[in-house]
Amino acid sequence: MCPPPKESSTLEGKAVVEPWGVPPAAMVLPSVALPWASLLAGLLLPICFAVLNMAKPPKAEERPQYPSFLALLPGIVRHLFRGPFLAALFTVYVVHPAILLPLVEKVGSMDLGSFLPAWLVGLLSTYITPRLRARGYTLNDALFFVAVSLAVHETFYVVINSFYLFCDKQRWLLKYKMERTARMTVPQGILAKTWIQAARNHLVLQPIALLLFYTFWLSFPPLFACPQPPCDRRPLPFLSTFFHFVVAQQSNDLLLYIFHRALHDIPGLYHRYHKLHHTYVGTVGFAAEFAHPVEQVFANYLPSMGYCFVYSGNMDVSIFFVWLGWRLWQTYEAHSGYDFSESPPGRIGLLHGERARFHDWHHSDNRGNYGNNFIFDYFLGTMDSFVVMCKSKGKLV
């Protein structure tokens with residue numbers, strides 16, 4: 001895809017817009033160093049926090065002995081690299097060449113604003129379009145980004161969660177269903193409230209947030225600013241695509257841990273913004289996004305998109321769309337109530353059973369397990385009850 005135009009030299013006092021092309025040499029070092037620095041920070045921060053935690057006075061109660069780091073190292077390596085590797089394969093060889101490029105070519109001759117009501121077009125023309133043009137984008141770029149993001153989100157939300165709910169109703173896949181006690185029964189009528197709240201968040205809050213993110217912060221190379229889009233049909237490089245997924249996953253895990261733990265530990269935040277989500281003691285897939293709008297923005301949107309805010313200028317938008325779908329799949333499976341880690345697809349890394357088991361305990365016990373997986377909780381010592389439970393069943397974590 002074509003990157004945004006750059007103003008460089010001047011001619012008779014007027015800025016000259018250079019054509020899209022190779023970045024100047026001064027940009028090469030930051031473009032290479034930033035993802036490595038981000039990954040290093042994601043790996044070292046939990047260790048630093050662990051040292052700080054050790055300096056605190058010990059808790060009065062006796063704490064369990066955590067598994068050794070070496071015992072957990074294979075699981076950490078799998079988490080860091082297996083998912084990003086599979087996502088990169090899917091992006092480079094399927095999504096970018098076979099889905100995104102043909103779709104952009106088809107949409108290139110269309111005016112996406114014509115599908116919107118006149119009053120909304122007027123608002124966008126007044127407040128959004130000038131800002132987009134100043135950054136080298138068209139309104140089509142923004143609307144395409146919002147529309148595809150919504151399509152990915154709603155498709156995954158309905159299809160994946162309906163499958164889990166259908167399995168619950170038909171009592172399928174019971175060998176993978178996690179234990180459910182009487183207190184973990186889904187409250188009467190809560191699913192209807194969940195769907196109504198999801199409709200509000202998905203169809204009102206989400207489009208506004210995506211449009212603002214794209215207009216003011218995200219810097220994906222534009223899709224429709226060239227005369228004949230897409231202007232770059234070169235295949236995506238596998239290594240850099242893989243690295244984008246590695247760092248996006250680490251930054252998401254870090255930010256999610258910080259915001260989620262804050263919602264539990266800072267007085268007043270839990271009852272005001274997070275207790276709604278914990279209405280589900282035994283979760284189902286649809287419960288993943290049953291959240292207060294404040295939590296939705298800070299604990300869902302920002303962690304998932306945090307890396308894109310920093311590095312989207314060097315990231316093809318197809319990487320974001322795959323990352324969005326992958327991230328949604330993770331959180332829906334984590335709330336599904338099913339542990340598919342021992343299933344055939346789970347054994348080769350296509351499913352997220354370990355995450356599901358880890359987060360399901362967070363809802364049932366409501367203590368610790370703040371992260372998307374065990375890594376940050378392990379280093380920061382916030383998975384005591386989960387360690388006790390795992391030891392009682394002869395598992396590491």
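Predicted model: local features only at pLDDT ≥ 70, side-chain atom pairs only at ≥ 80, totals over all residues.
Mentor: Start with the buried residues of H12, which are Gly353, Arg355, Ala356, Arg357, Phe358, His359, Asp360, His362, His363 and Ser364.

Trainee: How many residues does H12 have, and how far does it reach?

Mentor: H12 covers residues 353-365, which is 13 residues. From its first C-alpha to its last it reaches 18 Å, close to the expected 18 Å.

Trainee: Take His362. Why does it count as buried?

Mentor: His362 has 0% relative accessibility, and buried means under 20%, so it counts as buried. His362 is found in H12.

Trainee: Different topic. Where does Met178 lie?

Mentor: In the loop between H5 and H6.

Trainee: Is Met178 buried or exposed?

Mentor: Met178 is buried, with a relative accessible area of 12%.

Trainee: Which residues does Met178 touch, not counting those up to four places away in sequence?

Mentor: Ala356, Arg357 and Asp360 are among them, and these three are also among the buried residues of H12. Met178 touches Gly337, Tyr338 and Asp339 as well. The C-alpha atoms of Met178 and Gly337 are separated by 5.7 Å, although the two residues are 159 apart along the chain.

Trainee: Now the nonpolar cores. How many residues are in the largest one?

Mentor: It has 71 residues, and those with the most contacts inside it are Phe144, Phe145, Phe220, Phe245, Phe320 and Phe321. The elements giving two or more residues to this core are H2, H5 (139-170), H6 (190-216), H7, H9 (293-311) and H10.

Trainee: Which element gives the largest share?

Mentor: H5, with 14 residues.

Trainee: What is Phe320 in contact with, apart from neighbours within four places in sequence?

Mentor: Phe145, Ser149, Phe220, Met305, Cys308 and Met315.

Trainee: Which residues does the second core include?

Mentor: Phe358, Ile375, Tyr378 and Met389 are included in that separate core of 15 residues. Phe358 is one of the buried residues of H12.

Notes:
Residues numbered from 1 in each chain as written. Heavy atoms only, no water. Helix = DSSP H or I, 4+ residues; strand = E, 2+ residues; numbered from the N terminus. Expected span 1.5 Å × (residues − 1). Buried < 20%, exposed > 50% of the residue type's maximum accessible area, 1.4 Å probe, protein only. Core = buried A, V, L, I, M, F, W, Y, C linked by side-chain atoms within 4.5 Å. Contact = heavy atoms within 4.5 Å.
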